[in-house]
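Please examine the sequence and the structure before reading on.

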Amino acid sequence: MSELKKKKLERKISLTKDARDGILSFCKMNHPNEGILILRGKSKRGDVYIDELVVPPFSETGADFAGFPHNPLPLDLSYVGIVHSHPSGPAKPSLTDLDNFFGLVSIIVFLE
Ligand SMILES: [Zn+2]
């Protein structure tokens, strides 16, 4: 991959303190199951700013799974991505996660 292409894929992701705290407490609440949330905010020239969280409708979560059907969601440009937890680690996307990629960013939380 060329240097230029690599640069293009880099995104700066900023979260408000409230959003970050909200994610952590939501994931703790769902522990030991995975928790999943939609990230709301805006993107500007590839940089993503997250300031709101949305609990996805009809989400299903288990100890090693978290997902929701994308169809019932309104086409909302402020939905910039998703965050979900991996209660037992690792903080890496699984194949299913990559298949279910939604929006611009996907954050994985690993709670110890
Ligand atoms: Zn996952």
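## Pairing of β6 with its neighbours

In this predicted model, Ser85 stands opposite Val109, a residue of β7. The two strands, β6 and β7 (residues 105-109), run parallel and are joined by 5 bridges.

With β2, strand β6 pairs in the antiparallel sense, again over 5 bridges. Within this pairing, Ile38 stands opposite Ile82 of β6, and the bridge partner of Leu39 in β6 is Gly81.

## The sheet as a whole

These pairings belong to an open sheet of 5 strands, in the order β1-β3-β2-β6-β7, with mixed pairing. Its edge strands are β1 (13-15) and β7, each of which pairs on one side only. From one strand to the next, the twist averages 30°.

Helix α2 lies across β1, β2, β3 (47-54), β6 and β7, and runs at about 50° to β3.

## The nonpolar core

In soluble globular proteins, nonpolar side chains tend to be buried together. Here, the largest nonpolar core has 14 residues. Among those with the most contacts inside this core are Ile23, Leu37, Ile82 and Val83. Two or more residues each come from α2 (17-30), β2 (36-44) and β6 (79-85).

Which residues does Leu37 touch, leaving aside those up to four places away in sequence? They are Ile23, Phe26, Leu53, Val54, Val55, Ile82 and Val83.

## Burial of β6

Why is β6 described as largely enclosed by the rest of the structure? The description applies because 7 of the 7 residues of β6 are buried.

Notes. Residues numbered from 1 in each chain as written. Predicted model: local features only at pLDDT ≥ 70, side-chain atom pairs only at ≥ 80, totals over all residues. Core = buried A, V, L, I, M, F, W, Y, C linked by C-beta atoms within 7 Å. Buried ≥ 20, exposed ≤ 12 C-beta atoms within 10 Å, placed from the backbone. Helix = DSSP H or I, 4+ residues; strand = E, 2+ residues; numbered from the N terminus. Contact = placed C-beta atoms within 7 Å. Pairing = 2+ DSSP bridges. Axes fitted to C-alpha atoms, helices over the stretch in contact; angles between N-to-C directions.
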